[in-house]
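Please consult the sequence and the structure shown here.

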Amino acid sequence: MVAHRERRWEDAETHARTSLRLAKEIGDKMAMAEAVFCLAGIAAVTGDPARAARLAVAAELHHSRLTPEGAFLDDEVRASIETAKATADPGVWQRDCEAGRAMSLDDAAAQAQLVGT
């Protein structure tokens, strides 16, 4: 998240992918959802709003299922995603959000690990 806040997108992506891999290895679903959300924010700021929509919705859905009290996901990442949403075609954004809602957390993590999807 530090690299994301400093707008060092390549570093942020590398660290988020590493965090996602490690979280998956130890079975930490909350950390998986947070890493997927971070990768959604990176997709948003690097010009891939479709990927951002799919990953963000999947991450938020699974995060909310894991935290009944509604623990927070990073506001700066959320702002990046909202900016991408504002510039995206609404129909395309909605379609990609629906695809994200249909993903399991493992599917979202696998898609988040792929480069440029």
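## The largest pocket

Met1, Val2, Ala3, His4, Ala12, His15, Ala16, Ser19, Ala31, Glu34, Ala35 and Cys38 form the lining of the largest pocket. On a 1 Å grid over the protein atoms alone, a pocket is an open set of points where a 1.4 Å probe fits, with protein on both sides within 12 Å along at least five of seven lines; lining residues have an atom within 4 Å of a point. At least two lining residues come from each of α1 (2-5), α2 and α3. The lining comprises eight nonpolar residues, three polar and one charged, and the pocket holds about 170 Å³ of space.

The model is predicted: local features need pLDDT of at least 70 and side-chain atom pairs pLDDT 80 or more, while totals for chains, interfaces and linings use all residues. Residues are numbered from 1 along each chain as its sequence is written, and side-chain values use heavy atoms, without hydrogens and water.

## Helix α4

Helices are DSSP runs (H or I, at least four residues), numbered from the N terminus. Helix α4 covers residues 49-66. Its buried residues (under 20% relative accessible area, 1.4 Å probe, protein chains only) include Arg51, Leu55, Val57 and His62. The buried residues of α4 pack against α2 (9-26), α3 (29-45), α5 (75-87), α6 (90-101) and α7 (105-113).

## Contacts of Ile81

Contact means heavy atoms within 4.5 Å. Beyond residues up to four places away in sequence, Ile81 touches Phe37, Ala40, Gly41, Ala44, Ala56 and Trp93.

How values were computed. Expected span 1.5 Å × (residues − 1). Buried < 20%, exposed > 50% of the residue type's maximum accessible area, 1.4 Å probe, protein only. Points joined across faces, edges and corners; volume = space filled by probe spheres on them. Nonpolar A, V, L, I, M, F, W, Y, C, P; charged D, E, K, R; others polar.
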